[in-house]
Amino acid sequence: MLERQHQVLSILTPEQKVKYSEIKQEHMNKCAEKMQKRMSDKQA
């Protein structure tokens, strides 16, 4: 997976790399929110 990500990043322009990072960060935030919601649902 990291190798594929490196290949993708190696062909992107600097602007595309910034956008890619933003999208990746948003995705990670959504995943974290879902995990937190699941954890709080289990405790209730």
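Contact is defined here as heavy atoms lying within 4.5 Å. The structure is a predicted model, in which local features need pLDDT of at least 70 and side-chain atom pairs count only at pLDDT 80 or more, whereas totals for chains, interfaces and linings use all residues. Residues are numbered from 1 along each chain as its sequence is written, and side-chain values use heavy atoms, with hydrogens and water left out.

The protein chain contains two helices and zero strands; helices (H or I, at least four residues) and strands (E, at least two) are DSSP runs numbered from the N terminus. Along the principal axes, the C-alpha atoms of the protein chain fill a box of roughly 45 × 20 × 5 Å. Of the 44 residues in the chain, 2% are buried, where buried means under 20% relative accessible area, exposed means over 50%, and partly exposed lies in between (1.4 Å probe, protein chains only).

Helix 1 spans residues 2–11 and helix 2 spans residues 14–43; their axes come within 9 Å and cross at roughly 140°. Helix 1 is therefore oblique to helix 2. Axes are lines fitted to C-alpha atoms, for helices over the stretch in contact, and angles run from 0 to 180 degrees between N-to-C directions. Angles under 35 degrees count as roughly parallel, over 145 as roughly antiparallel, 65 to 115 as roughly perpendicular, and the rest as oblique. The passage of helix 1 across helix 2 is right-handed, that is, the near helix is turned clockwise from the far one by less than a right angle.

At this crossing, Q5, V8, L9 and I11 of helix 1 meet Q16, K17, Y20 and K24 of helix 2. The contact comprises four nonpolar, two polar and two charged residues. In this classification, Ala, Val, Leu, Ile, Met, Phe, Trp, Tyr, Cys and Pro are nonpolar, Asp, Glu, Lys and Arg are charged, and the others, Gly among them, are polar.

Individual residues were then examined. Q5, in helix 1, is buried, with a relative accessible area of 18%. Beyond its neighbours within four places in sequence, Q5 is in contact with Y20 and K24. I11, also placed in helix 1, is exposed at a relative accessible area of 68%. The C-alpha atoms of I11 and Q43, 32 residues apart along the chain, are separated by 45 Å. L12 lies in the loop between helix 1 and helix 2 and is partly exposed, at 21% relative accessibility. Residues up to four places away in sequence being excluded, L12 touches K17 and Y20.
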